[in-house]
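Me: I would like to learn how to read pockets in a protein structure. Please take me through the case shown here.

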Amino acid sequence: MLEILNLSKSYRKTLAVDDVSFTVPDGQVGILMGPNGAGKSTIIKSIAGLLRYDGAISIQGIPSRELAAKRIFGYVPEIPALFDALTVREHIEYIRRAYQSDVTDEEVETILRRFELYDKQDKLGNELSKGMMQKVSICCALSIKPRVILLDEPMVGLDPQAIKELKEVVLELRGQGVTVLLSTHMLEMVNELWDVVFIMDQGHIVATYTRKEAGDQDLDAIFFGTTDRERAEGRPADRGPAETAERGHEG
Ligand code: ADP
Ligand code: MG
């Protein structure tokens with residue numbers, strides 16, 4: 001389970017995330033959905049411990065800054081960061097040791113094969129295409145056998161086969177009780193995956209829907225329903241009048 005309570009983050013003058021709270025239960029896929037600049041990556045980087053922020057984040061009930069929490073989550077960043085001089089295999093081994101993961105050689109082989117990296121194990125980080133780096137990054141996150149996994153725009157740059165594989169992996173993880181948080185601005189990529197969707201705009205979650213509440217509506221209908229309503233009302237959908245008034249003072 002992933003719990004975010006009153007998370008705020010400013011970069012100098014930009015308030016990137018403004019008092020956001022949400023929870024993703026065990027075995028569910030949460031989607032952070034929203035346009036570029038909405039604050040998705042800032043939330044994910046805060047959870048991953050890469051930023052200073054205000055608020056509280058816990059992973060399986062453990063404060064996210066504690067080592068015990070860091071041990072159990074995997075993180076696939078928006079922009080893959082690999083070591084130039086380590087091979088694909090060495091990246092996996094590095095992560096495996098750093099996390100003292102009990103993943104077996106057979107499991108590593110299966111993961112690499114699924115992402116068509118098994119025969120590219122000896123390639124160096126700086127010999128890989130962007131898509132291959134992204135796949136290595138996904139394989140590293142899977143190799144720690146996470147209880148919680150954070151995926152920041154993971155489909156960007158992947159080929160259709162890898163996208164299909166990643167979707168299957170997400171559903172398998174969910175089946176194993178893993179908590180998944182995935183950000184995307186591409187609605188169609190996650191239609192089959194989500195349990196709860198958090199629609200973001202300008203640092204706020206403006207609406208939250210569970211699959212149950214959505215009935216047979218797809219994400220397109222939900223997303224545009226919310227954003228159209230916001231536009232019609234001239235404010236984000238679930239913000240109260242007090243906050244709207246405050247915003248008025250800024251202009
Ligand atoms: P998203 O992932 O939804 O596209 P981000 O979390 O990357 O959004 O960005 C949210 C806001 O914070 C944007 O206005 C962005 O310009 C700003 N921002 C993100 N990272 C930085 C940074 N390192 N320094 C300054 N501003 C940033
Ligand atoms: Mg982003």
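Reply: This is a predicted model. Its second largest pocket has a volume of about 340 Å³.

Me: Which residues are closest to the centre of the second largest pocket?

Reply: The lining consists of 15 residues, and Ile111, Leu142, Lys145, Leu173 and Gln176 are the closest to the centre.

Me: Which elements give two or more residues to that lining?

Reply: Two or more residues come from helix H4 (105-114), and likewise from helix H6 (160-175). H4 supplies the largest share, with 4 residues.

Me: How do the residues of this lining divide into nonpolar, polar and charged?

Reply: In the second largest pocket, 8 are nonpolar, 2 are polar and 5 are charged.

Me: How is empty space found in general?

Reply: A probe the size of a water molecule is rolled over the atoms, and this shows where empty space is left.

Me: What volume does the largest pocket have?

Reply: The largest pocket has about 510 Å³. Its lining is made of 18 residues, and those nearest the centre are Tyr75, Pro77, Ile95, Tyr99 and Cys140.

Methods: Residues numbered from 1 in each chain as written. Chains lettered and ligands numbered in written order. Predicted model: local features only at pLDDT ≥ 70, side-chain atom pairs only at ≥ 80, totals over all residues. Heavy atoms only, no water. 1 Å grid on protein atoms, 1.4 Å probe; cavity = no way out; pocket = protein on both sides within 12 Å on 5 of 7 lines; lining within 4 Å. Points joined across faces, edges and corners; volume = space filled by probe spheres on them. Nonpolar A, V, L, I, M, F, W, Y, C, P; charged D, E, K, R; others polar.
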